[in-house]
Amino acid sequence: MSMRSVILGSGSALPKRAVSNAEMAEMVDTTDEWIVERTGIRNRYIAGEGETTSTLATDAARRALESAGVDATSIDLIVLATATPDQTFPATATTVQHNLGCHGGVAFDIAAVCSGFLYAMSTADAMLRTGAAKRALVIGAETFSRILDWDDRTTCVLFGDGAGAVVLEAQDVDETDPNAPGILATRLHADGRHNDLLYVDGGPSSTGTVGKVRMRGREVFRHAVVNLASVLSEVLEATGHTAEEIDWVVPHQANYRILDATARKLGLPAEKVVVTVDRHANTSAASVPLAFDTAVKDGRIKKGDLVMFEAMGGGFTWGASLVRI
Ligand code: UT7
């Protein structure tokens with residue numbers, strides 16, 4: 001027997017306001033055709049008054065608790081991945097903890113931008129397996145619309161707001177059973193040499209402002225395909241599984257062309273890749289759990305499936321995790 005972190009349930013939340021490409025074309029010099037052809041994005045959700053990273057995260061967390069069938073008071077760890085916290089401090093995780101009414105335990109934020117959910121899940125997994133916590137909420141939540149330069153067509157059309165969450169529980173499982181659930185392996189990476197390719201031009205300690213997203217898209221694209229294919233192979237090797245055995249890939253939703261190119265490199269059919277970038281655009285740390293919850297709720301991902309999570313983002317940071325649901 002060995003300790004594994006098992007996903008008990010998931011949830012997600014989106015702002016009320018959907019914004020189509022046609023609406024974007026009224027704001028900046030772009031077209032629906034360009035956005036769809038280059039990215040696959042058709043729609044995104046933008047937070048309005050009263051909607052913040054913590055409100056979206058709280059809604060996603062409540063739905064995850066409900067689907068897991070557990071009470072908020074049983075949660076002793078909240079790890080929230082975001083690059084758009086409500087405040088510089090305290091951690092948005094503590095606001096969510098307060099909203100849920102689960103006082104006690106540990107709550108903190110993780111900043112790894114689009115890879116944030118993978119970093120958060122891996123951190124929670126390590127704490128659960130060592131006994132530091134028993135039941136965790138892992139959340140990815142963003143209001144990227146608040147740090148977009150709405151005059152920059154090269155970035156503002158790409159992002160959206162949202163949140164996704166999973167409940168993870170430490171369980172003693174029989175690891176000789178090939179169908180035993182839980183996180184099988186995760187690999188994370190960071191390479192700070194590239195932090196000028198995707199960044200925010202402000203911060204509390206440098207400019208005293210929040211700053212706006214800046215990206216050299218073509219270079220990021222190139223690194224994304226190479227890094228993702230490589231970390232996916234690493235995780236497969238670590239677990240002894242083959243690409244053919246994967247039931248679903250749940251990738252970070254930045255660009256349909258990246259999802260497609262990465263799947264091709266691994267020889268995975270496109271039908272096994274969960275795609276939500278068309279509906280949600282790039283929601284940074286929220287995109288992986290949002291896509292996961294979408295595919296669970298529409299019945300694609302089922303108990304027993306072998307699911308590969310993967311993401312790449314600013315830093316650069318990237319990672320992948322293979323999970324038996
Ligand atoms: O989430 C973290 C990871 N992020 C990513 O993975 C994003 C990775 N990068 C990408 O997804 C793509 O590089 C983009 C979607 C950002 C851009 O696509 P691209 O095919 O690499 O286009 P490009 O940047 O090379 O730009 C091509 C042209 C340029 O015009 P010229 O210089 O060829 O005349 C741009 O000015 O498209 C122009 N352009 C636009 N045109 C209409 C850039 N943005 C727009 C726009 N509407 N919104």
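## Domain layout

In this predicted model, the domain assignment divides the protein into domain 1, covering residues 2–173, and domain 2, covering residues 182–324. The centres of the two domains, taken over C-alpha atoms, lie 14 Å apart, and the contact draws on 53 residues from domain 1 and 49 residues from domain 2.

## Buried area

Between them, domain 1 and domain 2 bury about 3800 Å², of which 64% is on carbon and sulfur atoms. On the side of domain 1, the residues that lose the most area to domain 2 are Cys114, Leu118 and Ile147, which together account for 17% of what that side buries.

## Polar and charged links

Across the boundary between domain 1 and domain 2, the count is 22 residue pairs in polar contact, with both residues at pLDDT 80 or more. The count of salt bridges between the two domains is 2. Arg214 and Asp149 form a salt bridge in which the closest N and O atoms are 3.0 Å apart.

## The face of domain 1

The side of domain 1 that touches domain 2 takes at least two residues from each of β1 (2–13), α2 (32–39), β3 (43–46), α5 (116–129), β6 (135–143) and β7 (161–173). Of these elements, β1 supplies the largest share, with 8 residues.

By residue class, this side of domain 1 divides into 24 nonpolar, 18 polar and 11 charged residues.

Terms used. Residues numbered from 1 in each chain as written. Predicted model: local features only at pLDDT ≥ 70, side-chain atom pairs only at ≥ 80, totals over all residues. Heavy atoms only, no water. Domains from an automatic or database assignment. Contact = heavy atoms within 4.5 Å. Buried area = accessible area lost by both parts, 1.4 Å probe. Salt bridge = Lys/Arg side-chain N within 4 Å of Asp/Glu carboxyl O. Polar contact = N/O pair within 3.5 Å; in protein donor to acceptor, adjacent residues only side chain to side chain. Helix = DSSP H or I, 4+ residues; strand = E, 2+ residues; numbered from the N terminus. Nonpolar A, V, L, I, M, F, W, Y, C, P; charged D, E, K, R; others polar.
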